[in-house]
Amino acid sequence: MSRPALAALAALALLVLLAAPPAAAQGAGPFSRMGMGARSLAFPAQVADLSGYGSPYLNPALAPFQPSQAVELSAGILRFDREWQAVQVGSPLRPRSGFAGGVVHGGVSNIDGRDASGQPIDAPTADGTYASDEYAFFVAFGTRFSDAVSAGLGLRLYRTQLLEGVRAPTAIGVSAGVTARPSERLALGLAVDDLFARYEWNESGPVSASATDYFPVRVRGGAAYGLGSRGDGRPRATVSAEVEVSVQPAESVRPAPAGVTDLSVTERTETLDYRLADVVGRAGGEVWITDEFAVRAGVDRVGAGEAGELRPGAGFGLQQRFGELDARIDYAAVLEPFGTGLMHMATVRLGL
């Protein structure tokens, strides 16, 4: 690998180590970590995908490889009253750069409300249930420093609305990525997501409370290898794999030595802040059977724990050109962990 590629990869790794959040809470924003569109679910390892189909949302360094101006609309069908949609617009900036932006939405409806005693309570909605909505607005920019090395930066703005009457917090996260091409067929990629992102919860009233909910910092590194060639110069087949390290802040409260005075004994507690590192892998393959039709298959969450946590998926892509309009439809079916059901995702891409 060239010296610029090694320097960029080392700098990004150092940035991750220095920027890991110091406090602890449950990880926020799981909807934003589902990928971007149907292709990324059926073919989940895309951090090093230089084919032009990989989303800059997954690695900002992929932005220069977009083939044309395009808009992508994605929607998913999930069980348990969950929903997921995304819109992405992007364009190359010739000769060496590119950008993308959009919004991701995740939500849950028909939530049954209960009080502290377990008794039903009616929500202030027409059907008497609660709902939650979360949004991630993002922009990403990338540039190619040479024919072998590219890098990019991204910015994400998160907003969540859990309950009426609770102030909707916002969070800002930074993403970064690099890619390197040691050979014509082999590509390497490294990306980090959600640096510095956290929700600050503050409520006042009869009972005042505050909390900080940190997003896990994710570091993803992987490789993609292309085989054969299509009419447009892209690989006929691609296999890829990546490893993700997720730094999960957490805290634990435990009893401390009691305080003793002349008149009483005071119970004490102490809070320990620590980090949990979760390592998972993902791999997949894509084959264009013809220049217009592709099949894909892959598996996510390899090594997450029990076998039931695996998330296998498969799908297809259909591409057709209508005059100046380049249209593509992607579909994916994914088996969610622990037998919770089959998730369906579809993406429509319209490019010029």
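Predicted model: local features only at pLDDT ≥ 70, side-chain atom pairs only at ≥ 80, totals over all residues.
Residues are numbered from 1 along each chain as its sequence is written, and side-chain values use heavy atoms, leaving out hydrogens and water.

Now the overall build. There are two helices and 18 strands, taken as DSSP runs: H or I of at least four residues for helices, E of at least two for strands, numbered from the N terminus. Of the 352 residues, 45% are buried, meaning under 20% relative accessible area with a 1.4 Å probe and protein chains only.

On to the charged side chains. Side chains of opposite charge can pair when their charged atoms come close. The whole structure holds 21 salt bridges, each a side-chain nitrogen of Lys or Arg within 4 Å of a carboxyl oxygen of Asp or Glu.

Which residue forms a salt bridge with E244? That is R282, with the closest N and O atoms 2.9 Å apart. R282 sits in strand β14 and E244 in strand β13, 38 residues apart. Both R282 and E244 are buried. R282 also meets D300 in a salt bridge, at 2.8 Å from N to O. D300 lies in strand β15, 18 residues from R282, and is buried too.

Finally, R282, E244 and D300 belong to a network of salt bridges that also includes R156 and D193.

Key: Buried < 20%, exposed > 50% of the residue type's maximum accessible area, 1.4 Å probe, protein only.
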